[in-house]
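Student: I would like to learn how to read the strands, helices and contacts of a protein model. Could we work through one together?

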Amino acid sequence: MASTHLTHLRHVDLAVPEHDRQLAFYTDIWGLTRTVGDTGISFLAAQGSPEQFVVRLRKAPEKRLDLLAFGIAAREDVDALAERLAADEVRLVSEPDVLSTPGGGYGFRFFDVDGRTVEVSSNVTPREHRRIEAAESIPVRLSHVVLNSPDIAVTTAWYQQHLGFRLTDTMHSPQDGDLMHFLRINPQHHSLAFSKGPHTSLHHASFELRGLDEYLRASGRAIRSGATKLWGPGRHKAGDNAFTYFLDPHGNTVEYTTEMEQVDEDTWHPHIYDASQADVTDQWGTANPWDEQVAKESINDPDHGCFIAPPL
């Protein structure tokens with residue numbers, strides 16, 4: 001177990017061949033705000049979040065997950081974690097240093113067990129943000145990210161050992177074994193989850209809305225825009241959060257969510273949920289059935305960026 005603990009999820013970075021098309025989706029339809037950008041790169045903020053950006057888009061020949069970033073409390077924690085990871089023979093992409101991305105801060109990057117690039121940082125200057133008002137259907141913040149892994153037991157154990165994640169719940173199939181592990185670093189039910197898949201890839205990135213009304217308004221806006229709705233609206237049992245999943249222009253799954261369960265660390269015991277039960281995947285019964293097509297889209301394309309660090 002790491003001696004220092006991550007505090008929260010900061011941002012998810014995506015590389016895509018058609019940057020401008022992706023940018024239009026995330027700003028005009030999804031409700032994020034471009035704060036900083038240049039040719040072929042954009043930093044997108046959520047109006048309700050103090051994070052400088054929650055999504056970074058980068059133009060690249062191939063689609064990939066560039067990076068997943070987490071916060072940690074202090075500069076000395078960054079140094080301690082980097083030292084511990086190096087001692088455990090985790091491959092560092094960069095040594096702790098001042099960051100050049102919006103808001104600055106102090107951090108470093110490394111590869112996880114599946115070859116994804118992860119960044120941990122502290123002392124990032126908070127962005128001026130605001131309270132999202134009633135009926136305002138734009139994301140408050142980045143809620144969580146789910147990743148596909150060929151062996152979720154190995155990947156989960158790595159994140160527990162090296163980064164201090166705690167297992168909250170498990171989605172299990174009587175036929176196929178464990179399908180998803182939900183992991184937390186704070187009282188939120190999960191900031192990260194791993195889904196069983198044939199290859200390493202992004203399963204989905206989820207964005208939190210103010211409440212149920214705002215979540216439904218946002219879902220309706222995306223539907224009316226012509227965006228491909230993959231699954232929902234509904235309400236999961238693990239996490240007790242509402243969900244509607246869409247595909248972005250490059251086939252990444254993105255989710256609107258709200259009312260994620262908060263965990264009491266002193267009393268919580270992980271559940272094992274049976275994925276074959278309809279009320280486990282959707283308590284409301286309002287979502288379209290989880291079928292082979294939905295599963296196929298969630299698997300996403302193989303990520304060819306494994307063990308290849310993205311540009312700073």
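**Reading strands, helices and buried residues**

Tutor: Strands here are DSSP runs of E with at least two residues, helices are runs of H or I with at least four, and both are numbered from the N terminus. This is a predicted model, in which local features need pLDDT of at least 70 and side-chain atom pairs count only at pLDDT 80 or more, while totals for chains, interfaces and linings use all residues. Residues are numbered from 1 along each chain as its sequence is written, and side-chain values use heavy atoms, with hydrogens and water left out.

Student: In what sense do β10 and β17 pair, and over how many bridges?

Tutor: Strands of a sheet pair through backbone hydrogen bonds, in either a parallel or an antiparallel way. Two strands are taken as paired if DSSP finds at least two bridges between them. Here β10 and β17 (residues 271-274) are parallel and share 4 bridges. With β11 (residues 177-184), β10 pairs in the antiparallel sense over 7 bridges; arginine 166 is opposite arginine 184 there, and a hairpin of 3 residues joins β10 to β11.

Student: Which residue takes a positive phi in the hairpin of β14 and β15?

Tutor: Strands β14 (residues 228-235) and β15 (residues 242-247) are antiparallel, with 5 bridges, and threonine 228 has leucine 247 as its bridge partner in β15. The hairpin has 6 residues between the strands, and glycine 239 has the positive phi, near 95 degrees.

Student: What is the order of the strands in the open sheet of 8 strands?

Tutor: The order is β2-β3-β4-β1-β5-β8-β7-β6, and the pairing is mixed. Its edge strands, each pairing on one side only, are β2 (33-38) and β6 (92-98). On average, neighbouring strands of this sheet are turned by 20 degrees against each other, direction ignored; the axes are lines fitted to C-alpha atoms, for helices over the stretch in contact, and angles run from 0 to 180 degrees between N-to-C directions. Within the sheet, β1 (residues 6-16) and β5 (residues 64-72) run antiparallel, joined by 8 bridges, and leucine 6 stands opposite isoleucine 72 in β5. Helix α2 (residues 75-87) packs on the sheet, touching β1, β5, β6, β7 (106-111) and β8 (117-122), and its direction makes about 20 degrees with that of β7.

Student: Is alanine 222 buried or exposed?

Tutor: Buried means under 20% relative accessible area and exposed over 50%, with partly exposed in between (1.4 Å probe, protein chains only). Alanine 222, which is found in helix α4 (residues 212-225), counts as buried because its relative accessible area is 0%. Leaving aside its neighbours within four places in sequence, alanine 222 is in contact (heavy atoms within 4.5 Å) with Ile29, Ala227, Phe246 and Tyr256.

Student: Which side chain of opposite charge is nearest to aspartate 169, and how far away is it?

Tutor: A salt bridge is a side-chain nitrogen of Lys or Arg within 4 Å of a carboxyl oxygen of Asp or Glu; Lys and Arg count as positive and Asp and Glu as negative, whereas His and the chain ends are not counted. Aspartate 169 lies in β10 (residues 166-173); this residue is buried without a salt bridge, and the nearest side chain of opposite charge is arginine 184, 7.5 Å away.
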